[in-house]
Amino acid sequence: MTQVSSLTLNDGNSIPPIGLGVFQIPDERTADVVGTAVEAGYRLIDTAAVYGNELGVGKGLADSGVAREEISVVTKVWNDDQGYDETLRAFETSAGLLGLEYVDLYLIHWPRPRLDRYVATWRALEKLKADGRVGSIGVSNFGREEITRLLDECDVPPAVNQIELHPGLPRTELREFHAQHGIATQAWSPLGRGQGFLEHPAITEIARDHGRTPAQVVLRWHSQLGVVPLPKSVSPTRLRGNLDIFGFQLSGAEMDRLTEIGTDFRVGPDPALFFDVS
Ligand SMILES: NC(=O)c1ccc[n+]([C@@H]2O[C@H](COP(=O)([O-])OP(=O)(O)OC[C@H]3O[C@@H](n4cnc5c(N)ncnc54)[C@H](OP(=O)(O)O)[C@@H]3O)[C@@H](O)[C@H]2O)c1
């Protein structure tokens, strides 16, 4: 089993430096995947209400036999549930499906700026944190403008912003902004969704030089940037391999080469264009 140390957040809580993402894993399969992941050493699981597999995550964790306090569970309030009361209700639904008294990290999934409810939604997250129902609160797919508004108008700064991030979309400016405000960066689609992207020559050549897989090289790149990647896999071999990234080091030149792969290779929606109201 791979041992991984933790990352301290701006509220004093800590989270593991890598986690399992469970987007697109069917609920009935999720408990098994989570069980395999926990056995391999994963201690951070990233789900969301909209993934429809919170029940499976909860079952997998309960069956794993690992103590609750050793695992960090992340879930997210979906777009349709934004607003103060709606979010408090949505949280209870998620916690019920997960079978958990508290969630370690609760995120606003997308900002939906034109709906203009993310500040009210954030207030609900602040209440959940004050009530001890969530350990840390954060956002996902937020840009500099929306984060600045939360910092200006609210009491608790986001601990995390979870964004699409990989060597095809390195998000350098936003990461620097996060660092200035003590906000941890979590990477979704950290492998650029795998197939195709991982065959880029810069990645395969560096992998060959280190005797590592392309995925391990990309995940190591995240780790050396101080980013928490959330790779998804249903394969036990890949799950184990994706966690085994702490025994080698990329040089500065290799890091730069990976960062320069691209700036606009998106595998998911651009938050400025999608999931908003007109
Ligand atoms: N906050 C958000 O808005 C948001 C949006 C999207 C995703 N997420 C989170 O981020 C997580 C990961 O994102 P993602 O699933 O989109 O993309 P990803 O983790 O970059 O890629 C997953 C794909 O790569 C494959 N893969 C995994 N390990 C591999 C390896 N070692 N070698 C080759 N291929 C490999 C997987 O296939 P197999 O399963 O067959 O191994 C799967 O097809 C999600 O599960 C979710 O938790 C969050």
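Analyst: Helices, of at least four residues, and strands, of at least two, are DSSP runs numbered from the N terminus. With that in hand, let's look at this predicted model.

User: Where is tyrosine 51 found?

Analyst: Tyrosine 51 sits in the loop between β4 (44-46) and α2 (54-64). UniProt, in an unreviewed entry, places the feature "active site" at Tyr51, and such annotations may be inferred rather than shown by experiment.

User: Why is tyrosine 51 called buried?

Analyst: Buried means under 20% relative accessible area. Tyrosine 51 has 18%, so the residue counts as buried.

User: What is tyrosine 51 in contact with, leaving aside its neighbours within four places in sequence?

Analyst: The partners are Val22, Phe23, Asp46, Lys76 and His109. A contact here means heavy atoms within 4.5 Å.

User: Which residues come nearest to the ligand?

Analyst: Of the 27 residues around the ligand, those are Asp46, Ser189, Leu191, Arg193 and Ser233.

User: And histidine 109: why does that residue count as buried?

Analyst: The relative accessible area of histidine 109 is 6%, and the cut-off is under 20%, so histidine 109 is buried. Histidine 109 lies in the loop between β6 and α4, and the unreviewed UniProt entry puts a "binding site" feature at His109. Not counting residues up to four places away in sequence, histidine 109 touches several residues, including Tyr51, Lys76, Trp78 and Asn141.

User: How many aromatic pairs does a search of the whole structure find?

Analyst: The search finds 5 aromatic pairs. One of them joins tryptophan 110 and tryptophan 188, with ring centres 6.3 Å apart and planes at 65 degrees.

User: What makes that tryptophan pair edge-to-face?

Analyst: Centres must lie within 6.5 Å, and planes over 60 degrees apart count as edge-to-face. At 6.3 Å and 65 degrees, the tryptophan 110 and tryptophan 188 rings meet both conditions, so the pair is edge-to-face. Both tryptophans are buried. Tryptophan 110 is in the loop between β6 (103-108) and α4 (118-130), while tryptophan 188 is in strand β9 (residues 184-188), 78 residues apart.

User: Why are tyrosine 118 and phenylalanine 142 described as edge-to-face?

Analyst: Their ring centres are 5.4 Å apart and their planes stand at 80 degrees, so the pair is edge-to-face by the over 60 rule. Tyrosine 118 belongs to helix α4, and phenylalanine 142 to the loop between β7 (134-140) and α5 (144-153). Tyrosine 118 has 4% relative accessible area and phenylalanine 142 has 1%; with under 20% as the limit, the conclusion is that both are buried.

User: Why does isoleucine 206 count as buried?

Analyst: Isoleucine 206 has 2% relative accessibility, and under 20% is what the term asks for, so isoleucine 206 counts as buried. Isoleucine 206 is in helix α7 (residues 201-210). Beyond its neighbours within four places in sequence, isoleucine 206 is in contact with Val217, Leu250, Glu254, Arg257 and Leu258.

Terms used: Residues numbered from 1 in each chain as written. Predicted model: local features only at pLDDT ≥ 70, side-chain atom pairs only at ≥ 80, totals over all residues. Heavy atoms only, no water. Buried < 20%, exposed > 50% of the residue type's maximum accessible area, 1.4 Å probe, protein only. Near = heavy atom within 4 Å. Phe/Tyr/Trp six-rings, centres within 6.5 Å; stacked < 30°, edge-to-face > 60°.
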